[in-house]
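Subject: Structure for your files

Hello,

Here is the structure I said I would pass on. My notes follow below it.

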Amino acid sequence: MEIWRRNLYVLCGSLFFVMVAMSMIMPFLPLYIQQDFGIEDPHQVTAWAGIIFGANFLTAGLVSPIWGNLADKHGRKIMILRSGFFMSITMAMTGFAGSLWQLLALRLLNGLVGGIIPASTALVASSVPKERIGWATGLLQSFITAGTIMGPLFGGVLAEKIGFRMIFVITGCVLLLATLVITFTVKENFVPPEKKERSSLREDFQMIFSSKELPALFFVTVMIQFALFSIIPVLPIYISQLLGSEGAKVALWAGIVQACMGVANVFASPQLGRLGDRFGSQKVLFFSLLAAAIIFIPQGLVHTVWQLVVLRFLLGLSLGGLLPSVNALLRRATPVHMVSRVYGYNNSFVSIGSMLGPMIGGFLAGYVSISGVFYMTSAFLFINAGWVYYSFFRNKSVQHPDSGIE
């Protein structure tokens with residue numbers, strides 16, 4: 001088997017289990033805060049959940065360009081291992097937090113040492129044949145997203161058996177095992193760049209933001225993450241309202257609602273990646289944004305949890321075309337010696353959107369309504385679709401993969 005193909009499959013499997021473990025507890029933060037820290041006011045619960053959920057992304061966004069710069073100089077695999085080993089420690093420690101402030105501090109620390117996803121994406125994007133970039137990044141993203149969304153299903157079951165705190169310890173153990181698998185199976189033929197190709201963070205910033213394509217893609221990334229993460233902190237509360245008298249099953253149903261998105265995403269991402277390779281990733285990105293924007297509207301109007309399950313499954317199909325398309329477009333617009341740096345900067349924008357989304361969504365739900373969060377999310381996705389059309393079609397700033405962009 002070709003090395004790039006083996007690396008891709010190993011990273012897909014490893015990151016799936018990493019994301020399953022890391023997402024087992026995060027969607028239940030409101031319940032965790034209520035039960036383990038004694039916060040009962042709904043406004044305080046949703047506000048704290050948004051802050052703690054977004055804290056990880058604050059520090060991750062600040063340091064991602066630094067890790068990306070080091071990856072281009074010393075290799076992507078070493079950055080994957082650095083992140084995996086350190087996160088296994090911080091996640092296990094989170095299960096022993098004695099206060100909300102300690103929980104917040106550990107989430108900030110976890111973001112500081114993180115970076116396993118952009119490093120893995122950069123390793124895959126820099127090694128696969130250019131004509132397979134859309135398919136490869138789509139496959140990787142589908143496993144990452146599937147793990148993120150299916151994790152709550154396992155978390156919902158385990159929460160009833162062992163409690164929320166032990167899930168953090170299990171997460172640390174899974175991270176450690178996955179990192180060990182990557183250590184001994186993933187091979188990288190890394191060639192350090194010539195001295196003339198090395199640059200400082202300031203020079204990277206100037207080069208990246210002087211291009212036409214990359215800033216447009218960064219803005220798209222922020223908007224996608226903001227829209228998709230805005231509902232996460234309040235979804236368990238929304239499900240409890242839909243269940244009514246069956247509220248004791250909130251954790252299990254929240255897991256089911258999230259898992260159905262994961263199943264849809266696994267099937268959709270590689271197929272939409274292939275369509276992007278054939279017809280242009282910008283077209284897949286545009287139509288996926290429109291579909292997601294439309295599907296979010298009725299989610300704020302449902303009366304039963306089964307209606308929400310069906311709509312989240314349809315949403316999962318449309319989500320399969322978002323980040324894989326962005327990753328493919330980034331790679332095609334980036335010189336090979338700068339791949340990790342560009343993905344590092346893009347991860348900063350992923351973090352900005354992922355931080356602002358749950359924070360604003362949590363406050364909006366507490367002081368307006370949960371349904372209003374769905375409508376806000378839809379509006380942002382429509383705005384993003386308009387930006388994609390203006391930037392990538394009307395201005396022709398990002399071209400088809402065969403257009404000669406390197």
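Into which domains is the protein chain divided? Domain 1 covers residues 1-186 and domain 2 covers 201-394. Please keep in mind that this is a predicted model.

Overall fold and dimensions

The protein chain contains 17 helices and zero strands. Its radius of gyration is 20 Å, close to the 22 Å that the globule rule gives for 406 residues, so the chain is as compact as a globular protein of that length.

How the two domains meet

The centres of domain 1 and domain 2, taken over C-alpha atoms, are 17 Å apart. In the contact between them, 50 residues of domain 1 meet 52 residues of domain 2. Together the two domains bury about 4300 Å², and carbon and sulfur atoms account for 71% of that area.

Polar contacts between the two domains come to four residue pairs, with both residues at pLDDT 80 or more.

The domain 1 side

Which helices each supply at least two residues of the side of domain 1 that touches domain 2? They are α2 (29-37), α3 (42-74), α6 (116-127) and α7 (133-162). The largest share comes from α3, with 20 residues. Sorted by class, this side of domain 1 has 27 nonpolar, 17 polar and six charged residues.

Regards

Note on methods. Residues numbered from 1 in each chain as written. Predicted model: local features only at pLDDT ≥ 70, side-chain atom pairs only at ≥ 80, totals over all residues. Heavy atoms only, no water. Domains from an automatic or database assignment. Contact = heavy atoms within 4.5 Å. Buried area = accessible area lost by both parts, 1.4 Å probe. Polar contact = N/O pair within 3.5 Å; in protein donor to acceptor, adjacent residues only side chain to side chain. Helix = DSSP H or I, 4+ residues; strand = E, 2+ residues; numbered from the N terminus. Nonpolar A, V, L, I, M, F, W, Y, C, P; charged D, E, K, R; others polar. Rg over C-alpha atoms; globule rule 2.2 N^0.38 Å.
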